[in-house]
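Please open the model in your viewer and keep the selection panel at hand.

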Amino acid sequence: MKTATGCTVITNGTLVIGTGAAAVPDATVVIQDGLIEYAGPAKQAPLIERSAATINARGGTIMPGLIEAHFHPTYFNIEALEDLDIKYPVEYVTLLAGCNVKLALECGYTSARSGGSLFNIDVWLKQAIENDLVPGPRIAASGREICGVGGLMDWNPDFRKIGMEGLVLLINGADEARAAVRKLVKDGVEWVKTYPTGDAASPDLNDHHTLCMTFEVMHAVVKTAHNHGLKVTGHCRATEGIKNALRAGYDTLEHGTFIDDEALDMILERNTPVIPALYFELASIERGPEFGLSQRVIDGHQETLDGGAESARRILKAGGRIGLGGDYGFGWNPHGQYARELTFFVKHVGFTPMETITCATKTGAEILGREHELGTVEAGKLADILVVEGDVLHDISILEDRNRFIAVMQGGIVKAGQLMRPAG
Ligand SMILES: [Zn+2]
């Protein structure tokens with residue numbers, strides 16, 4: 001991805017650094033050739049060359065670009081889970097995914113970690129974004145997901161004769177798990193996404209307390225993935241599935257819904273980031289009836305929401321790491337609403353706006369393994385920066401409205417926001 005050349009100065013805004021440190025009023029940020037050279041009080045800013053471009057934050061907020069830590073670029077706002085693998089061919093899903101990444105960037109998400117993709121689309125989207133063909137977040141790709149045969153993502157009975165090869169690699173036993181990981185290695189992914197447990201979406205066969213992979217299989221996935229330098233994550237709701245994942249050496253936990261004291265201790269001991277993705281649950285409850293979700297499914301989502309919110313609170317309070325991302329791409333929580341996750345964590349989970357932003361920026365960069373170059377507005381890092389109208393620490397829901405972005409920058413280049421609109 002190209003970075004800016006020359007100097008840009010952002011002035012007249014409150015700086016939220018992203019580390020959780022107190023905001024800096026009347027701040028200046030100096031960007032030189034795409035890197036942050038100075039970020040701090042305007043009074044101490046270095047002298048700026050006259051040719052520098054300037055961005056006036058108009059008394060608003062200057063903050064790090066948001067990081068979506070559980071992103072499904074290829075989920076095309078599906079109305080039913082089954083639509084994922086049968087509704088459209090890969091060609092059309094690829095085009096839809098291209099629109100989704102552009103939208104994500106416009107919504108202030110300058111980086112994203114894929115939480116699973118149809119086919120190998122996210123790997124090539126990443127390539128297209130890195131080559132500046134398509135605007136979008138910097139992506140960490142995961143390609144197809146791995147699930148045990150008969151597990152959550154294996155919903156087509158055999159008589160339908162529908163393969164699931166675009167969506168998941170279905171495995172039986174450790175040998176097939178190793179083979180599946182090696183296939184993903186060749187595909188070029190960075191993360192291996194697995195399904196250790198079920199979900200409220202599948203109340204009959206694979207509900208949120210069901211295990212879909214054995215420890216032995218999960219351990220084989222981790223050993224093989226780590227050998228090739230890949231990281232592993234998994235959809236973990238049931239307590240035993242969470243513990244299996246931690247024991248197997250998973251690098252992050254998606255959801256981490258039902259933790260007990262032992263699971264909490266294990267999370268803290270290993271400092272494993274957890275990405276709860278909770279707004280999805282609220283959306284499923286509130287809008288489920290519209291989309292024909294059964295009462296059993298909705299009740300399961302309520303139990304998941306309550307359990308997940310309590311777990312997230314306990315983890316953060318105990319000093320653990322929470323990443324924010326939200327399973328957007330279903331009809332009831334479509335792409336473009338990503339920042340509702342942040343508002344939800346402030347209003348319903350009880351995080352402060354500053355804690356929430358730190359989770360959505362610094363911790364996101366740590367999950368990506370790119371904390372040395374992304375996630376905070378500090379000297380030496382890439383200038384992936386948002387300039388936002390208004391005080392997001394006072395009202396975090398401002399971030400839900402992309403019309404409030406003055407600038408969305410990647411590497412010092414304005415890619416979206418009011419400054420991208422043609423004048424007049
Ligand atoms: Zn997901």
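Is Lys362 buried, partly exposed or exposed? With a relative accessible area of 29%, Lys362 is partly exposed, where buried means under 20%, exposed over 50% and partly exposed in between, for a 1.4 Å probe and protein chains only. The model is predicted, so local features need pLDDT of at least 70 and side-chain atom pairs count only at pLDDT 80 or more, whereas totals for chains, interfaces and linings use all residues. Residues are numbered from 1 along each chain as its sequence is written, and side-chain values use heavy atoms, with hydrogens and water left out.

Glu366, at 18% relative accessibility, counts as buried.

Then select Arg144 and Asp187, both of them buried, whose salt bridge has its closest N and O atoms 3.2 Å apart. Arg144 lies in the loop between strand 8 (138–140) and strand 9 (145–148) and Asp187 in helix 4 (residues 173–187), so the pair ties together parts that are 43 residues apart in sequence; helices (H or I, at least four residues) and strands (E, at least two) are DSSP runs, numbered from the N terminus.

For a network of salt bridges, select Glu240, Lys243, Arg247, Asp260 and Glu262.

Finally, display Met63, which, leaving aside its neighbours within four places in sequence, is in contact (heavy atoms within 4.5 Å) with residues including Val16, Ile357 and Leu399.

How values were computed
A salt bridge is a side-chain nitrogen of Lys or Arg within 4 Å of a carboxyl oxygen of Asp or Glu.
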